[in-house]
Amino acid sequence: MDIWSWICELPDSAKWEESESPPTFQLVSSKPTKADSTQSIQLRAERTSGSNSEALVIFSVYVHGFHPCNAEKTLWVSEACPLTSDKPFLPLLLQLVQEIVSRSPTAHDSTCPRSQLQKLRPEPVAWVLDSHSPESLTGFFNLVLLTRLFWLCVCDAPSEVGSLYFHSLLTPHIELFSCNHHAHVLRTFLVSIGVDAELCFLRSLGYMLAKWLILRDVGVGLQTLTPVPKLGFSYATEAHGLWTLKAYAPVMATTMTRTRFKGPDKQHCSAIDQFEAKDSVLRYALAHQQLEAVIQLEYSVTFHDGYIHVSARVSNLRFHIVKLGFAKNDDTGMGCYIDERHFPSRIRVWVGPEIGSTYVASLTLGRSTENIEKEVKTQRIVKGNFGKMKIPSVKATTRQSTRTRTRNWRWDQDAQGNAAIFEAVLCEDISGIEVATNKPPISEDNKSGNGLRKRYAGANRVLSKSGGLVFARDEYGERVEWRLSKEMEGSVLKWRIGGHIWLSYRPNESKSSYFETRCVEWCDEVDLPLIPCK
């Protein structure tokens, strides 16, 4: 499906006669049956004239063959695009992006500006058109149009239109929403529009993907699809002495590693049925969540006689689990599960030269393996009896207590080849068990016996009030260092940066024993400039 090329190849104003039937691109059509007419979704381009006889083109989305009466219906009409402009279709792309941003789900209790208040400037979108060829823009435009069609076909049209969209239009092109597709164009676009519009745009995409994943999970014909690609987006940048990896993933698109689906009592069927129904609603609410991660490392380069010294340390690691909903009582079922959400339970970040590089002489880590401090207190009590007894008796007892100072998050550094690894693991308060690998027990009242209830309240919570997690230099500021060959001076190297994040769910307020742990991984490249300052 190459819609962008079709748009760019539309006849120019000199060859396009107004009497001609408007060019039409068939987005999708259903197979005709004996009883019903063909159902289709079409994109049309109609030529018109402006006030100064300027040649204009207006695009519209039509649906045909749906009840009632199988009549043709217009779902959407674009703004006029001037054919004589050097970027005639910039208004079309700008309008699509603006309408996607304006429909972004907003996290509950968010202090960010409402997406509806944002007005995108045309310059960033124009820069995307200027910096990429029409061939490279094909996948990106398909992504934008499919996302806008989601809101038109699923939210603003009869249910039959939404069903056709999900089964015959979105599903065959779901790979467009994976990290590997049109990454360069999407990176340029997201950097150009700014972080506020980026969040709104990717939350809109996340909401759409969450709905598709739910339909696939419950089984409405989508489950017959080949294995789902890695849905979500990530990109890395280098600027001002920082390496930054930004990543977005709907929680349901991540890989399941541990879960519990059924209750403990298999003898009482009615209790199990109630348990499973309740947890189905919980899982539906949990599916409307998105992980938003920012991995930010600070690096520095110094030049010495005989070698180049490169060092890096954690500047910021930020992880937020965003609710993809519009109101507390919307269709996501979050009204009674507003405080139920996943949380990061293990974080693994790495950075280093490309695999196979030979210019690195050494790697030095800056943090030792944790050496837990223990305080042992021993008390000995000796009791004796030397009275009138023929045989004196002596009784001795010893009491020993151990006090250990531990923290909820355990930090480690490690190495794999010449790549440095920063790792943080969440452990329970009392037992010290790692949350990401633990299977919490179930109590008699069918509750999960975990120590992470009420985890978003209180003075000793390990997460923010909004359910996020932030690590900065005050928590983990140790550097890692590399020594590079002097011959690399003056070059710009490609280094790899990545993250592997585990997300866990334990009941917070819910009286449930359901739990799960998921994981997701990203990897990208960043520049390492080895150019001395003059």
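This report describes the fold, the helices, the aromatic pairs and some individual residues of a predicted model.

Residues are numbered from 1 along each chain as its sequence is written, and side-chain values use heavy atoms, with hydrogens and water left out. Because the model is predicted, local features need pLDDT of at least 70 and side-chain atom pairs count only at pLDDT 80 or more, while totals for chains, interfaces and linings use all residues.

## Overall architecture

The protein chain contains eight helices and 20 strands. Helices (H or I, at least four residues) and strands (E, at least two) are DSSP runs, numbered from the N terminus. Of its 534 residues, 48% are buried. Here buried means under 20% relative accessible area, exposed means over 50%, and partly exposed lies in between (1.4 Å probe, protein chains only). The protein chain exposes about 26500 Å², of which carbon and sulfur atoms supply 50%; these areas come from the Shrake-Rupley method with a 1.4 Å probe, and for residues only the protein chains shown count as cover. Among contacts (heavy atoms within 4.5 Å) between residues at least 6 apart in sequence, 71% join residues at least 24 apart.

## Helix α4 and its surroundings

Helix α4 covers residues 134-155, 22 residues in all. Its first and last C-alpha atoms are 31 Å apart, close to the 32 Å expected at 1.5 Å a residue; the expected span is 1.5 Å times one less than the number of residues. The helix bends by about 30° at Phe140, where the bend is the angle between axes fitted to the seven residues ending there and the seven starting there. Because 17 of its 22 residues are buried, α4 is largely enclosed by the rest of the structure.

In α3 (residues 122-130), the buried residues are Pro124, Val125, Ala126, Val128 and Leu129, and their cover includes α1 (3-8), α2 (90-102), α4 and α6 (183-193). In α5 (residues 159-170), the buried residues are Val161, Gly162, Leu164, Tyr165, Phe166, Leu169 and Leu170. These pack against the strands β1 (24-29), β2 (40-49) and β3 (55-64), and against α4 and α7 (195-218).

## Aromatic pairs

A search of the whole structure finds 18 aromatic pairs. Rings of Phe, Tyr and Trp (its six-membered ring) pair if their centres lie within 6.5 Å; planes under 30 degrees apart count as stacked, over 60 as edge-to-face and the rest as tilted. Two tilted pairs are set out below.

| Pair | Centre distance | Plane angle |
|---|---|---|
| Trp4 and Phe141 | 5.0 Å | 45° |
| Phe140 and Phe189 | 5.0 Å | 55° |

Trp4 lies in α1 and Phe141 in α4, so this pair ties together parts that are 137 residues apart in sequence. Trp4 is buried at 5% relative accessible area, and Phe141 is buried at 2%. Phe140 belongs to α4 and Phe189 to α6, so their pair connects parts 49 residues apart in sequence. Both Phe140 and Phe189 are buried.

## Residues of helix α7

Tyr207 is found in α7 and is buried, with 6% relative accessibility. Its C-alpha atom is 8.4 Å from that of Gln290, although Tyr207 and Gln290 are 83 residues apart in sequence. Asp217 is also found in α7 but is partly exposed, with a relative accessible area of 46%. Not counting residues up to four places away in sequence, Asp217 touches Met252 and Arg283.

Cys153 is buried at 0% relative accessibility, and Cys519 is buried at 13%.

Most residues other than glycine have a negative phi. His240 is not a glycine, yet its phi is positive, about 55°. His240 sits in the loop between β6 (233-239) and β7 (242-250) and is exposed, with a relative accessible area of 82%.
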